[in-house]
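Me: Please take me through how some features of a model like this are to be read, starting with contacts.

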Amino acid sequence: MSEVVSPPAATTRAAEPLPCPSEWTFELIATYHDAIARTARRFGLDTYANQLEIITAEQMMDAYASVGMPVNYRHWSFGKQFIATERSYRRGQMGLAYEIVINSDPCISYLMEENTLPMQALVIAHAAYGHNSFFKGNYLFRMWTDASSIIDYLVYARTYIAECEEQHGIEAVEQMLDSCHALMDHGVDRYRRPQKLSLAQEKVRRSEREVYLQQQVNDLWRTLPKPTDRKADESRVRFPEEPQENILYFIEKHAPLLEPWQREVVRIVRKVAQYFYPQRQTQIMNEGWATFWHYTLLNSMYDEGLLTDGFMLEFLQSHTNVVTQPPGGRLNPYALGFAMMRDIRRICESPTDEDKEWFPDIAGSDWQKTLDYAMRNFKDESFIGQFLSPELMRRFRLFAVRDDQSQPELEVSAIHDGAGYRQLRESLARQYDINHREPNIQVWSVDTRGDRSLTLRHLQQSGRPLDDDADEVLKHVARLWGFRVVLESVDANGRELKRSEAFPARD
Amino acid sequence: MLQQIIDRRLSGKNKSIGNRERFLKRYREQIRDAVQRAIGERSIRDIDKGETVTVPRKDLSEPSFRHGSGGVREHVIPGNREYSRGDRIERPKGGAGGKGGGNASPDGEGEDDFAFSLSREEFMHYFFEDLALPNLVRTQLAETPEFKFRRAGFTGDGTPNNIHVLRSMRGALGRRIALGSEHRRKLAELRVMLAEARRRPETPAKDIALFEDEIDRLVRRLRAIPYLDPIDLRYRNRVRVPQPVSKAVMFCVMDVSGSMDEARKDIAKRFFILLYLFLTRHYERTEVVFIRHHTQADEVNEHDFFHATESGGTVVSSALLLMQDIIRARYPSGEWNIYGAQASDGDNWGQDSAKCRELLETSLLPLVRYFAYVQVAEGEQSLWEEYTRVAADNPHFAMRMIAGAADIYPVFRDLFRKEAAT
């Protein structure tokens, strides 16, 4: 256990630091990138190849607006997002976050032209080595996304949607997209592993699929039992046989009235949602990991004498802004993630007795291996559940507040003390569990023999109802399904609490 | 591991324009309302500017299944200073349980409206849309007039063919003097001292060598000052200035008797605006004269023109007479391109209509380039009949009965057609 952890052998101290004017040039970016890449290799970061792109503020807002992707299909909501971003940027309410990085191979990182040289170096260390290695290593990303094909797929999606607009009119396509977007969060496979996207296959198979799918749909409705069988089959025919968590997938495959192109649009939205699914579950880890590495890499370069004091001052100021945790209010994911990564290193390098008791497996181990293991095999929920230490809970002065709507007051249910550590940790882990955060709604049944209505079932957790948007979303579901749609909310015992329904608008 | 650094700055500008178009299209109704309101409030002269449009945020929301308030939930919050386990806290007011937690519910505060600005082009687009203008005319009006390059002093950067040699050399000379003067002064002193030292035989050779070295150094320094540096270069600066033809005056004549209600005035205003836009595109200077009349005519400012209502009868010729007087006094027809635009509900005092025709035919029409008349109400009364006779004989007199904004453009059709042809 007590092996001495030797830091990665630093090359000899540099004769003189890298030049550091505040204006960047392409040569300087390449120089800094090389130095950062060298350092990252020494720490064993495994990344996709990097592609750095210099962009303007307007392009950055543009990327923001289309959920960070360099290409995307056209939709009014992206226009709205752009206007909102532009407005707050103009008013100076928000500096543009200085980085966007795309989980693709090669991994694309955006460098904004307004950034000073130290900022560019920070972004390269943070995005091109931090996030990049996370994308390549984390199990969720490995399982759900295929970095090499996402850009191609989005190009395909954009072209396809544009073709649809030409053929069927912008409005019809927009309606489809609106409805699909409303269900985006419920359009992902949570447990099953999808096939990886491949553009070539997508294209070749699209037309086959259209024909085949349509036929399947027709089959489903054609093989309906004749009314005479009704009684006998009552209990046996249940469709779907199991509840389905991926509502969009179910609609794509089984909605009776959709035309082939509409199914393809559903599929596109579904695929994009699936691509972002891992990101939604690894915010703390992903940002924590990237922040930890820009901090570690740049500090290590400073120790080698590669960076000037001026550089470090500017870097540390930005870094501090990023990891500030104001008391009260929301937890800053950068702050929590960064602190946890640092804390794991601390537990490995200089464990206290408390750490040895709480983390017997990792206390005193090789920090790089441990951190790498943590990065690869966890998501926010399990990462917090596994690695949040009492030390850190004390440092953040965490406390849990229980909000029971039936009680007149809130109750402090746990604080950072011996009795509260485990409960705090569980509670925080649950807070980042996507299945807890988003309502559990599944496709429950289809009335194949009656009015073809679709029933969705919302399993209420801890008595939490849906908000008012639910009725709006239900209208969208009805538009996609083409017939009556019912949403029933049930409690854990299957007792129905609320029931609402929507019909497709006839026009 | 670096594949490449790509400079994207020049590519993909305005990439989100397609998304913006879709957004604007979706909120067309709200935008049209805002444009409508802006047209009502703005002065004719300010018409071609952008506008801020506000859309209620709830209309913009994209719904999704989310947890609402209610039930049991637990939040973990940092920064505990005062609480211990089991403490009770009063529920924060408004938006129950909205803090922390995973669901960023948009309820409670933050409900302010979503405002965004229309560019000038977009604003004009919506303005024209109502008027049912043909596309050619739209571009004609929306586009800024022809430009001419005009000299405007000198700048520090430009293209080589614009280098101004004299200025550049003058700057270089000044820089050389400024940079070298200190050295030259020292050099002169040293030379004097060297000559002095040489004259005295007792001076050690070492000192003389020292002087010579120093002189050498200074001469080298002076030589190192570049003869011409990039910062010396001066370029002729040229700016683009709009290049319309000359000047025009536009007479807005409107009946403000009691029967002209707000809706009719609104249509009349659009009619005036359209003519105004046309004129500003073609003339360097466009002046507007507002004449309102009932039984008497007054020259007024724009606000009173559109916003004051009088009652009583109507004598149209009074306005035409006033217009004639003003032309004589201030706008000699040799120097000014005169345009007339008249809006009325068609009422006139019986004997007056014939007088109007005579006035137009004999004194006004020979002076003006174009005269357009709109009647914003149904019914052919005496004025309409007399004017019809005028129109038959004079190609630059246009008239039309209009019920809505879309009917305005045809009044000007001839005017615009002529322009499009030239």
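Me: Leaving aside its neighbours within four places in sequence, which residues is Cys252(B) in contact with?

Reply: This is a predicted model, in which local features need pLDDT of at least 70 and side-chain atom pairs count only at pLDDT 80 or more, while totals for chains, interfaces and linings use all residues. Residues are numbered from 1 along each chain as its sequence is written, with chains lettered from A and ligands numbered from 1 in the order in which they are written. Two residues are in contact if their C-beta atoms, placed from the backbone, lie within 7 Å. By that rule, with neighbours within four places in sequence left aside, Cys252(B) contacts Phe272(B), Val288(B), Val289(B), Phe290(B), Ile291(B), Phe305(B) and Ala341(B).

Me: How many residues does the largest nonpolar core have?

Reply: In soluble globular proteins, nonpolar side chains tend to be buried together. A nonpolar core is a set of buried Ala, Val, Leu, Ile, Met, Phe, Trp, Tyr and Cys residues joined through C-beta atoms within 7 Å. Here the largest one has 221 residues, and Met250(B), Cys252(B) and Leu275(B) have the most contacts inside it. The element that gives the most to this core is helix H4 (residues 117-137) of chain A, with eleven residues; helices (H or I, at least four residues) are DSSP runs, numbered from the N terminus.

Me: Why does Met285(A) count as buried?

Reply: A residue is buried if 20 or more other C-beta atoms lie within 10 Å of its own, exposed if 12 or fewer, and partly exposed in between. Met285(A), which lies in helix H12 of chain A, counts as buried because it has 28 C-beta neighbours inside 10 Å. Not counting residues up to four places away in sequence, Met285(A) touches residues including Gly337(A), Met375(A) and Phe378(A).

Technical notes
Helix = DSSP H or I, 4+ residues; strand = E, 2+ residues; numbered from the N terminus.
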